[in-house]
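Biologist: Hi, I'm new to this one. Could you walk me through the model?

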Amino acid sequence: MEFVKYGLIGSGVVWKYHQFGIRNIPKMKIKSLFDINEKNGKKVAKAGNMNYYSDLNTFLKSDIDAVIVMTPHYLHEKYVIAAAEAGKHVLCEKPMATTLEGCDAMIKATKKAGVKFMIAENHRFLPAHKYIMEAIQTGLIGKVFLVRAYEGVNEIKGLMREGFWKGHPILAGGGALIDMGAHKFATLNWILNDTIESAYSWITKQCTNLEEKAEDNAMALIKYKNGTIADITVSFSVVSPFNNSLELYGTEGTIIESHELINPIKIFSKNEQMGKNAKKWYVPKIEHGPFPLYYELSMRNEDSHFTDCIINDTIPKFSPEQAREAIYDVLLCYLSAKKEKTVSREDLNEVYNTVGTKSILEGLEEFVQNNCPE
């Protein structure tokens, strides 16, 4: 196999970012598109020289090897399972699902079908994050004891649209925390090579007040099993270009990252591995670009990697189990917000083993503190 023939399930905004990256990947051939939104689907299919399908079964029987699922969060489980049962490899947008049970069903179906399955967690494929992970794992800043992570975008329009899935507790799995927390937790768990032990979370409405929707801003205080503490802040209401930032403080140094910079990382380390760059701020040269360029770059790397896994029959670097852990962490934070106290893995496991994790999302909007001006 020299290339992989893909079909798209959904053609919303996120396709734009995948498209930017895919144009530089000749081993990816986008052949067809399924979308229940016929008007938009036909428009996107025509622009991309794809065959449009309004029927899922007919689409899955078309001449494709794999699919990219880019639908609202609550539909991920349905389409991943359908594609797997049709024998198609599956790249699915994050977050993996809205519940742990949904994640479990997807993992079971793809394993049973023997197809490749990866969640499109582009932050795992950003060169800046790879540099940080390697710096941490080689001990450049010693033992990490404190982390601060932030992501801010603007989704006010979707949050204020009645009946729309964005920000809905059940249809989206929550607000800013499920949407961006999935990024943060998947990335930090990988960088630190650790698992979250407990969480305290605060979810609020700062700029939107539609009763049916969940939070537009969230903060979470996290403790990892190895003792690292972390402050995670995410916002759906910033009035500036999208941005991510990360600070890691260790016993031998500090790493500061900001995606809005051309050179996104600076590191201060007293570790002898730094050589002449020890004991001073050092800015490594890393392939990067401010938004939207880092999205194009990370999605290109992500989509190319998954395609290589299909061609070479290898295992994706970002496993479904790791993606599930990110959803576990998000739900741990939402459980904290509902209980208004710090919660542990034991607390979430009890919910999972008894009433199910969808119960955490049911009525979540009632626990969002509304600070939005009238």
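Modeller: Here is a short chat about pockets, helices, cysteines and backbone angles in this structure. This is a predicted model, in which local features need pLDDT of at least 70 and side-chain atom pairs count only at pLDDT 80 or more, while totals for chains, interfaces and linings use all residues. Residues are numbered from 1 along each chain as its sequence is written, and side-chain values use heavy atoms, with hydrogens and water left out.

Biologist: Thanks! What volume does the largest pocket have?

Modeller: About 1300 Å³. Of its 40 lining residues, Gly12, Val13, Val14, Trp165 and Lys166 are the closest to the centre. A pocket here is an open set of points on a 1 Å grid over the protein atoms alone, with protein on both sides within 12 Å along at least five of seven lines; lining residues have an atom within 4 Å of a point. Points are joined across faces, edges and corners, and the volume is the space filled by probe spheres set on them.

Biologist: Which helices supply at least two residues of that lining?

Modeller: Helices H1 (13-22), H4 (76-85), H7 (156-159), H8 (176-192) and H9 (293-312) each do. Helices are DSSP runs of H or I with at least four residues, strands are runs of E with at least two, and both are numbered from the N terminus.

Biologist: And how does the lining divide by class?

Modeller: The pocket lining has 19 nonpolar, 12 polar and 9 charged residues. Ala, Val, Leu, Ile, Met, Phe, Trp, Tyr, Cys and Pro count as nonpolar, Asp, Glu, Lys and Arg as charged, and the others, Gly among them, as polar.

Biologist: How many cavities turn up in the whole structure?

Modeller: The search finds 2 cavities of 30 Å³ or more. A cavity is a set of points where a 1.4 Å probe fits but cannot get out. The largest has a volume of about 60 Å³, and its lining includes His123, His129, Lys184 and Glu257. H8 and strand E11 (243-250) are the elements that give two or more residues to that lining, which divides into 3 nonpolar, 6 polar and 2 charged residues.

Biologist: What about the second largest cavity?

Modeller: That one holds about 40 Å³ of space. H10 gives the most to its lining, with 3 residues, and the lining divides into 9 nonpolar, no polar and 2 charged residues. Lys94 and Pro95 are among the residues that line this second cavity.

Biologist: Is the peptide bond between lysine 94 and proline 95 cis or trans?

Modeller: It is cis, with omega near -10 degrees. Proline 95 sits in the loop between E5 and H5. The bond from phenylalanine 291 to proline 292 is also cis, with omega near 5 degrees, and proline 292 lies in the loop between strand E14 (281-282) and H9. Most peptide bonds are trans.

Biologist: Changing topic, what can you tell me about H5?

Modeller: H5 (residues 100-113) has 14 residues and reaches 20 Å from its first C-alpha to its last, close to the 20 Å expected at 1.5 Å a residue. The expected span is 1.5 Å times one less than the number of residues. Among its buried residues are Leu100, Cys103 and Met106. Glycine 114 follows H5, with a positive phi near 70 degrees.

Biologist: You mentioned a cysteine. How many disulfides are there?

Modeller: The count comes to 0, taking a disulfide as a pair of cysteine sulfur atoms within 2.5 Å. For cysteine 333, the nearest cysteine sulfur is that of cysteine 103, 15 Å away. For cysteine 372, it is that of cysteine 207, 6.4 Å away.

Biologist: Are those two, cysteine 333 and cysteine 372, buried or exposed?

Modeller: Cysteine 333 is buried, with a relative accessible area of 0%, and cysteine 372 counts as buried at 12%.

Notes. Buried means under 20% relative accessible area, exposed over 50%, partly exposed in between (1.4 Å probe, protein chains only).
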